[in-house]
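Welcome! Here is a short tour of a protein model for anyone meeting it for the first time. Keep the picture open as you read.

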Amino acid sequence: MSFDQLASELVSRKRADLYRERRVLESPQQPEVVVDGKAYLAFCSNDYLGLANHPDLIRAFQQAADEYGVGGGASHLVSGHSFHHHALEEELADFTGRPRALLFSNGYMANMGTVNALVGKQDAVFEDRLNHASLLDAGLLSGARFQRYLHNSPESLAQKLEKTEARRKLVVTDGVFSMDGDVADMPAICHTAKVNDAWVMVDDAHGFGCIGATGAGVAEHYGLSVDDLPVLMGTLGKAFGTSGAFVAGSETLIETLIQQARTYIYTTSMPPAVAAATRASLKLVIAEQWRRELLKSLIQRFRDGCQQLGLTLMDSPTPIQPILIGDSAKAMTMSAALREQGIFITAIRPPTVPQGSARLRVTLSAAHSEAQVDRLLDALERVK
Ligand SMILES: *Cc1c(COP(=O)(O)O)cnc(C)c1O
C-alpha cells in the first residue's frame, strides 16, 4: 500500500490554507525570542506569568537534577514516585484547598485518564462544545454517551441533564476557554450539575496561576469548594512555566484515579527535577501577586488599543486575547505581515476553531512591558 492518498490529502490541506508548520525556537520562552534565526517580539506563548525562564526555577531544576538525576525511571506505582513528586502533590492540594492532588505527566493525559476512570459505557458525559480537544477525546474514548451543550450555557446543559437516564453523569468544561479566553460560568454550571445529581470536572489549564486572589484559578475566583466542584484539573506547562498537570479533589477521587486512571498507571513519572522546579514556581505564583496585577493592566491596555483600531476582540478578561479575523487565508496573511514587522503571533484556524472563525491568538504575559504592548498595537495598525 502506498502513501499516495495521504500525500494528496496533504496537498488539499495546503490549498485550503490549513497546513500546519513548525518553526524552530532558538531561545528560551520569553517576549524576545529567536525563531528560525530571526529575532521577534512574541505574543503567542502560554507562559502567562513569565516563569518558564525564571532563575529560581532553573536553580531548583539544576539542584534536583544533581540530587535525583534526570529520568523518573519508572511509573509512580512501581518505583518512580520520588520525593519532589510527593511534596508537590501535597503543596498543590494545599494551594487548591482540596484534600488531595495527583500529578500526571501532562494535561492531555490527566484529562484522558480522569474522564475514563470516572465514566464508561453505562454513563453519560456532557461537554461544552468549545472544550479543549483533550477533553473531547477523553469523553469520546470513554464509551459514555457523549453530549455537547451550547457554549457556556447552563440552560443548554440543564436540558440535556434532565433527559438522561445514565448511571453516572459527568459534566466537563474548560475553566478558561483556550481559543476564546472567556471564563466559564462555573457557579451556574456547578449548581445545574448538583441539582441533576451529576459530577463536575473543570480543566483550568489557562486559569490556574492567572485568576483567583492567589492564582489558584477558577475554583478560587468563584469560591467553589470541593463539594461544589469535585474534580479540579490544572496544568503546569502554562502559567506555572514548567510541565505536567494534576487533578485535585477528595481522598476517594484521588485513590480511584491511582487505581483506575490508565494514563497515570502506565507511564513513567515526570522527571523529579520538573516537580522540583514546579515547587519553586508555586512559591512565586503565591508570593508575587504583582505578576497577576501587571498582567491585568497589560490586558486592559491591549483591549483599549484594539478598540481604538476597530479590531474585533472576544469577550475575554484573561491573557488570551484573540483578534477575530474569520477567513483562514486572511489570518495567515496578517500573521505573515506581522512577522515582517518583527512580531510573532500565530494564526489559529479550523479545525482548532469553528469554520469561518480563524483568529490571531494574542497571548499576553507578565514578562511583557507596556512598551512591548504598544509596539504590538503599532504593528497591528500598520497591517490591519
Ligand atoms: C494546554 C491544554 C491542555 C493540555 O495540557 P498539556 O499539559 O499541554 O498536555 C489541556 N486542556 C487545556 C484547556 C489546555 O489549554
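What volume does the largest cavity have? The answer is about 70 Å³. Please keep in mind that this is a predicted model.

**Domains**

- The protein is divided into domain 1, made of 17-46 + 289-383, and domain 2, which covers 55-287.
- Between the C-alpha centres of domain 1 and domain 2 there are 27 Å.
- To the contact between them, domain 1 brings 18 residues and domain 2 brings 21 residues.

**The largest pocket**

- The volume of the largest pocket is about 1,100 Å³.
- Its lining counts 37 residues, and those nearest the centre of the pocket are E21, C44, T346, A347 and I348.
- Strand 1 (32-35), helix 14, strand 12 and strand 13 are the elements that each give two or more residues to this lining.
- Of these, helix 14 gives the most, with five residues.
- Sorted by class, the pocket lining has 16 nonpolar, 11 polar and 10 charged residues.

**Cavities**

- Searching the whole structure turns up two cavities of 30 Å³ or more.
- The largest cavity, at about 70 Å³, is lined by Q29, Q30, P31, A42, F43, C44, S45, D47, S365 and H368.
- That lining has four nonpolar, five polar and one charged residues.
- The second largest cavity has a volume of about 50 Å³.
- Around the second largest cavity you will find H76, L103, F104, S105, T263, Y264, T267, S269 and M270.
- Strand 3 (100-104) and helix 11 (262-265) are the elements that give two or more residues to the lining of the second largest cavity.
- The lining of the second largest cavity is made up of four nonpolar and five polar residues, with no charged ones.

- Three strands make an open sheet here, in the order 10-13-12, and their pairing is antiparallel.
- Strand 10 (320-326) and strand 12 (347-348) each have a single partner strand, so one side of each is left without a neighbour in the sheet.
- Six bridges connect strand 10 with strand 13 (residues 358-363), in the antiparallel sense.
- One spot to look at is G326, which has A358 of strand 13 opposite.
- Helix 14 (residues 328-340) lies across strand 10, strand 12 and strand 13, and runs at about 35° to strand 13.
- Helix 14 is also the element that gives the most residues to the lining of the largest pocket.

- Another open sheet of three strands has the order 1-2-11, and here the pairing is mixed.
- Strand 1 and strand 11 (343-344) are the edge strands, each pairing on one side only.
- How do strand 2 and strand 11 run, parallel or antiparallel? Strand 2 (residues 38-42) and strand 11 are parallel, joined by two bridges.
- A42 has F344 as its bridge partner in strand 11, and A42 is also one of the residues that line the largest cavity.

Terms used
Residues numbered from 1 in each chain as written. Predicted model: local features only at pLDDT ≥ 70, side-chain atom pairs only at ≥ 80, totals over all residues. Heavy atoms only, no water. Pairing = 2+ DSSP bridges. Helix = DSSP H or I, 4+ residues; strand = E, 2+ residues; numbered from the N terminus. Contact = heavy atoms within 4.5 Å. Axes fitted to C-alpha atoms, helices over the stretch in contact; angles between N-to-C directions. 1 Å grid on protein atoms, 1.4 Å probe; cavity = no way out; pocket = protein on both sides within 12 Å on 5 of 7 lines; lining within 4 Å. Points joined across faces, edges and corners; volume = space filled by probe spheres on them. Nonpolar A, V, L, I, M, F, W, Y, C, P; charged D, E, K, R; others polar. Domains from an automatic or database assignment.
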